[in-house]
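Hi,

Here is the structure I promised to pass on.

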Amino acid sequence: MNRLIKNLHKLALLATFSFLIGQAPDFHLLQSIPLPETNSGSDWDCIAVNSIADIYLLDRETGHVARIAPTGVVINETGGIGNDDLSFSDPVDLMASNLDILVSDRMENQITWFDRKLQFISTDKHAEIFPVQLIADDLDIFYILSKEQGLIWRRNFNQWDTQEHIDLMQNEKSPDCIEDAAIKSNGNLGLLYCDGTVLEYNPLGRLVRTFPKMISNAKYLVKYKKSWLLVSEDGTIRLSKNGENQIGSLPVKDIIDVCVIKSQLYMLSPNGIHIFSE
């Protein structure tokens, strides 16, 4: 009888685990794109994809920004380390919004705008913001993460002024521990911390939900459809879908950066750009 009770208890635990985890997300590889050589000889650091699937890469070491074709050939390029409008001191992030490309320069406290062909548009300087990541929503609003200031700033694309949006010092976690940030279609902003926790804020900047750690070494957070998708460097993924937490893995290792456009998952690794879809 005791053995039967123990077996029934194990089955109950397994059923509970299956309900919480669910089936693994069924992503399949659509395409792999070879990478062009960087000017520094090192790996590309950031990837961004615009609304018409143009692909952009940033090499932080040299400040080199490239737009590449689906074959991996460089179509347009710009940037470098220097003091003119087309150069950077400390480029840390690359973001696509509609057909514009934005590069944040942490030490210069500035954001440089380019068109889709990487022609220079303008440079926005901000006093003591130290922007380390740019995040755009679907309503022509973008957000600037500043770990030094412990703040997330909010700005409309057609306005100059930035506004303080979220005071990151109001929670117990250090801003230095933020790994990544993303925005859902409903305007909620998610912050992934180094312990695997995700904090979700509503469009008013109020904390509305905390997601506990679900996968080890989560490094990237992206919006996938109406859900959060977490990705680790070894290809482990966690997707929150229909009330279930689905955990699986993708055949990509040493992931450097991740982005999503039109429900397609772009993964940058030293071996290329790998595009997945369900």
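**Aromatic pairs**

Phe88 and Phe114 are both buried, where buried means under 20% relative accessible area, exposed means over 50%, and partly exposed is in between, using a 1.4 Å probe and protein chains only. Before I go on, a word on the source: this is a predicted model, in which local features need pLDDT of at least 70, side-chain atom pairs count only at pLDDT 80 or more, and totals for chains, interfaces and linings use all residues. Residues are numbered from 1 along each chain as its sequence is written, and side-chain values use heavy atoms, with hydrogens and water left out.

Back to the rings. The structure has four aromatic pairs; rings of Phe, Tyr and Trp (its six-membered ring) count as a pair if their centres lie within 6.5 Å, and planes under 30 degrees apart are called stacked, over 60 edge-to-face and the rest tilted. One of them joins Phe27 and Tyr224: the ring centres are 5.2 Å apart and the planes stand at 70°, so this is an edge-to-face pair. Phe27 sits in the loop between helix H1 (2-21) and strand E1 (28-33), while Tyr224 belongs to strand E18 (residues 218-224), so the contact ties together parts that are 197 residues apart in sequence. (Helices, H or I with at least four residues, and strands, E with at least two, are DSSP runs numbered from the N terminus.) Both Phe27 and Tyr224 are buried.

Phe88 and Phe114 make an edge-to-face pair too, at 6.4 Å centre to centre with 70° between the planes. Phe88 is in the loop between strand E5 (74-79) and strand E6 (91-97) and Phe114 is in strand E8 (residues 110-114), so that pair ties together parts 26 residues apart in sequence. With Phe120, Phe88 and Phe114 form one aromatic cluster.

**Salt bridges**

Searching the whole structure turns up 11 salt bridges, each being a side-chain nitrogen of Lys or Arg within 4 Å of a carboxyl oxygen of Asp or Glu. Here are some of them.

- Lys173 and Asp195 meet at 2.7 Å, N to O. Lys173 is in the loop between E13 and strand E14 (178-183) and Asp195 in the loop between strand E15 (189-193) and strand E16 (198-201), so the bridge ties together parts 22 residues apart in sequence. Lys173 is partly exposed at 25% relative accessibility, and so is Asp195 at 33%.
- Asp138 and Lys223 meet at 3.6 Å, N to O. Asp138 is in the loop between E10 and E11 and Lys223 in strand E18, 85 residues apart.
- Lys125 pairs with Glu108, their closest N and O atoms being 3.9 Å apart.
- Asp54, Arg67 and Arg116 are linked in a salt-bridge network.

Lys173 has another contact: it lies over the face of Tyr193, at 5.8 Å from the ring centre. For that, NZ of Lys or CZ of Arg must be within 6 Å of the ring centre and within 35 degrees of the ring normal.

**An open sheet**

Which order do the four strands of the open sheet take? They run E10-E11-E12-E13, with antiparallel pairing; two strands pair if DSSP finds at least two bridges between them. Strand E10 (133-136) and strand E13 (163-167) are the edges, each pairing on one side only. Strand E11 (residues 141-146) is joined to strand E12 (residues 151-156) by six bridges, and Leu145 has Ile152 in E12 as its bridge partner.

Best wishes
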